[in-house]
Amino acid sequence: MDSVCIKSFKLAMKMQGIEIDKDELIKYTSKIKTYEDLKAIDRDNTHILYPWVPALVYDILGYNEYKSCDLNIDESDTYLLFRPGESFDNEVYEALQEKGDFEIQEFQYVFSKKLISHLYGGFPWFLAYCSICDELNIWDKTGIAVYVKEKNDVPCIKCSVEIKNRYRDKHPEKTKEINLSEEKGCGYNGIIHSFHCPNCIEKRRHSMAIEKARL
């Protein structure tokens, strides 16, 4: 695991109130060699790395394994998380209605460091993401979230991810970006989109984190 990812995990843990020495963190992550090692962590919610299993799959096994792994596959419900200042607009609502018959519930949440470290901590772009949140001054601001539940066996997550990707392509002006790749050891530019929704591997953990941030 490269140094950017180690920094990413260390920052995420700090945001969760967990202080850990860099060498100790490296000791934990260096023990993970296989998908079976990650499944063992996924089954142990007392493990220090349990909240960040999706990021570990990405960092250690690569993007293809991350996209295809079979952890926590449940498409019965999901969440759309709009960043502070963005709204659940009609275009997204209508796109959901076109995909299927969903129960839709809109609510407010707090865009806290604790929430965001649960969602993105450990991914290599997390440091850059936090930097753009600093730049936009959106920490601890209120945002809109939407709970989506299927009624007729329509795969919520697949539908919402397709809508998210199409919306991002259609509305590049909604994406904010700052050039950070050479600064702060980030390795990436800071990018934040209008809204986020989890994929299958992320859904269980993201759902719990979003519910804890609900107002």
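Which element supplies the largest share of the lining of the second largest pocket? The answer is H10, with 6 residues; more on that pocket below.

## Ground rules

This is a predicted model, in which local features need pLDDT of at least 70 and side-chain atom pairs count only at pLDDT 80 or more, while totals for chains, interfaces and linings use all residues. Residues are numbered from 1 along each chain as its sequence is written, and side-chain values use heavy atoms, with hydrogens and water left out.

Helices (H or I, at least four residues) and strands (E, at least two) are DSSP runs, numbered from the N terminus.

Let's start with the inside. Buried here means under 20% relative accessible area, against over 50% for exposed and in between for partly exposed (1.4 Å probe, protein chains only).

## Strand E1

E1 (residues 77-82) is largely enclosed by the rest of the structure, because 6 of its 6 residues are buried. Both faces are covered: Asp77, Tyr79 and Leu81 sit on one side, with Thr78, Leu80 and Phe82 on the other.

As for neighbours, two strands pair if DSSP finds at least two bridges between them. E1 runs antiparallel to E3 (residues 141-150) over 5 bridges, and Thr78 has Val148 as its bridge partner there. E1 is also joined by 2 antiparallel bridges to E6 (residues 195-196), where Phe195 stands opposite Phe82.

## Helix H8

H8 (residues 126-136) is another enclosed element: 8 of its 11 residues are buried, so the rest of the structure largely encloses it. The buried stretch is Phe126, Leu127, Ala128, Tyr129, Cys130, Ser131, Ile132 and Cys133. These residues pack (contact means heavy atoms within 4.5 Å) against H1 (3-15), E2 (102-111), H7 (113-120), E4 (176-178) and E5 (190-192). After H8 comes Asn137, with a positive phi near 55 degrees.

## Pockets and a cavity

On a 1 Å grid over the protein atoms alone, a cavity is a set of points where a 1.4 Å probe fits but cannot get out, and a pocket is an open set with protein on both sides within 12 Å along at least five of seven lines; lining residues have an atom within 4 Å of a point. Grid points are joined across faces, edges and corners, and a volume is the space filled by probe spheres set on the points.

The largest pocket has a volume of about 810 Å³. It is lined by 36 residues, with Trp125, Lys164, Arg168, His196 and Glu202 nearest its centre. H9 gives the largest share of that lining, 5 residues. By class, the lining has 24 nonpolar, 7 polar and 5 charged residues, where Ala, Val, Leu, Ile, Met, Phe, Trp, Tyr, Cys and Pro count as nonpolar, Asp, Glu, Lys and Arg as charged, and the others, Gly among them, as polar.

The second largest pocket holds about 280 Å³, and its lining includes Tyr50, Leu115 and Met208. The whole structure has 1 cavity of 30 Å³ or more. The largest cavity has a volume of about 50 Å³, and H4 (53-61), H7 and H10 each supply at least two of its lining residues.
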